[in-house]
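Try each one before reading its solution.

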Amino acid sequence: MAIRLVTFDALHTLVTPRLPIYVQYAQTFEPYLGKLDPGALKSSFKIALKQVQQDQPVYRGGAHEWWGDVIRRTAVGAGADPKAVDASLGEIVPRLLKRFSSREGYKLFDDSLPALRRLRELNIRTGLISNTDARMREVIEDLQLIPLLDTVLLSEEQGIEKPSPEIFKKACTQLGVKPEGTVHVGDELECDYFGARSSGFHALLLRRPGPEGEEERKEPDEDLTGVEVVPGLSHVVEWIQRRNAV
């Protein structure tokens with residue numbers, strides 16, 4: 001069956017932090033907490049994010065409190081004084097949430113708009129499926145992606161998240177396309193690639209060249225045997241054109 005719908009992950013697929021997240025955290029922390037070691041912040045953020053994702057899936061309790069917990073754990077884990085952190089969280093959290101709600105915190109990859117526009121020319125529908133809070137809608141609107149997407153499904157708004165087949169199949173239901181006529185593109189092996197495959201989608205794992213955590217996501221000891229991998233979004237368009245020409 002020809003491909004009629006392409007769904008994309010957001011972060012590290014269509015959009016990327018304007019500066020590494022730990023750098024933007026360091027910049028925001030400094031007036032309140034002093035200079036923190038960038039390497040410690042990078043490590044601490046990854047640990048904090050993973051812990052809160054496990055403890056509070058799908059932004060349970062609300063995105064503001066959810067991210068407040070991540071931010072506090074990140075600062076304390078990087079060596080900031082806990083009392084100073086607690087005293088300044090009321091100002092730090094809103095500043096970081098605002099920063100990561102627009103082009104101030106994020107930018108598009110160079111191939112994002114060209115790929116989406118080319119898919120429009122090919123009469124292929126497009127969507128976004130992302131494990132993010134509702135602020136991602138503000139980000140993609142600010143980055144002018146909304147007109148190029150036929151559906152946007154964010155885990156906080158839907159109450160479900162990848163790799164659940166429910167969120168993938170919802171895109172098909174909304175647009176009247178069968179799963180076997182859909183391909184999902186994302187950078188996370190479990191959530192994006194295997195989540196999509198288990199939903200009856202085709203899937204492409206995006207592995208952009210670049211430093212881990214900035215332009216590509218890799219899991220320790222990951223096994224990509226049998227996984228279809230692409231290095232950029234132009235390769236996604238080429239993959240679809242080849243498949244639909246058969």
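The exercises cover a sheet, a helix and a single residue. The model is predicted.

**Exercise 1.** Find the order of the strands in the open sheet, and say which strands stand at the edges.

*Solution.* Start with the order: the six strands run β5-β4-β1-β6-β7-β8. Their pairing is parallel. Now look at the ends. β5 (151-154) and β8 each have a single partner strand, so one side of each lacks a neighbour in the sheet. These two are the edge strands.

**Exercise 2.** Decide which side of helix α10 is buried, and what covers the buried residues.

*Solution.* First, the helix: α10 spans residues 233-245, 13 residues in total. From first C-alpha to last it reaches 19 Å, close to the expected 18 Å. Second, list the buried residues: L233, V236, V237, W239 and I240. They cover an arc of only 160° around the axis, which means they sit on the same side of α10. R242 and A245 are exposed on the other side. Third, find the cover: it includes β1 (5-8), α5 (112-121), β6 (182-186), β7 (202-206) and β8 (229-230). Last, the direction: α10 packs on the sheet and makes an angle of about 155° with β7.

**Exercise 3.** Is S130 buried or exposed?

*Solution.* Locate S130 in strand β4 (residues 125-130). Its relative accessibility is 1%. Buried means under 20%, so S130 counts as buried. Then check its contacts: leaving out residues up to four places away in sequence, S130 touches D9, A10, L153, L154, S155 and K162.

Notes
Residues are numbered from 1 along each chain as its sequence is written. This is a predicted model: local features need pLDDT of at least 70, side-chain atom pairs count only at pLDDT 80 or more; totals for chains, interfaces and linings use all residues. Side-chain values use heavy atoms; hydrogens and water are left out. Helices (H or I, at least four residues) and strands (E, at least two) are DSSP runs, numbered from the N terminus. The expected span of a helix is 1.5 Å times one less than its number of residues. Buried means under 20% relative accessible area, exposed over 50%, partly exposed in between (1.4 Å probe, protein chains only). The arc is that of the directions from the helix axis to the C-beta atoms. Contact means heavy atoms within 4.5 Å. Two strands pair if DSSP finds at least two bridges between them. Axes are lines fitted to C-alpha atoms, for helices over the stretch in contact, and angles run from 0 to 180 degrees between N-to-C directions.
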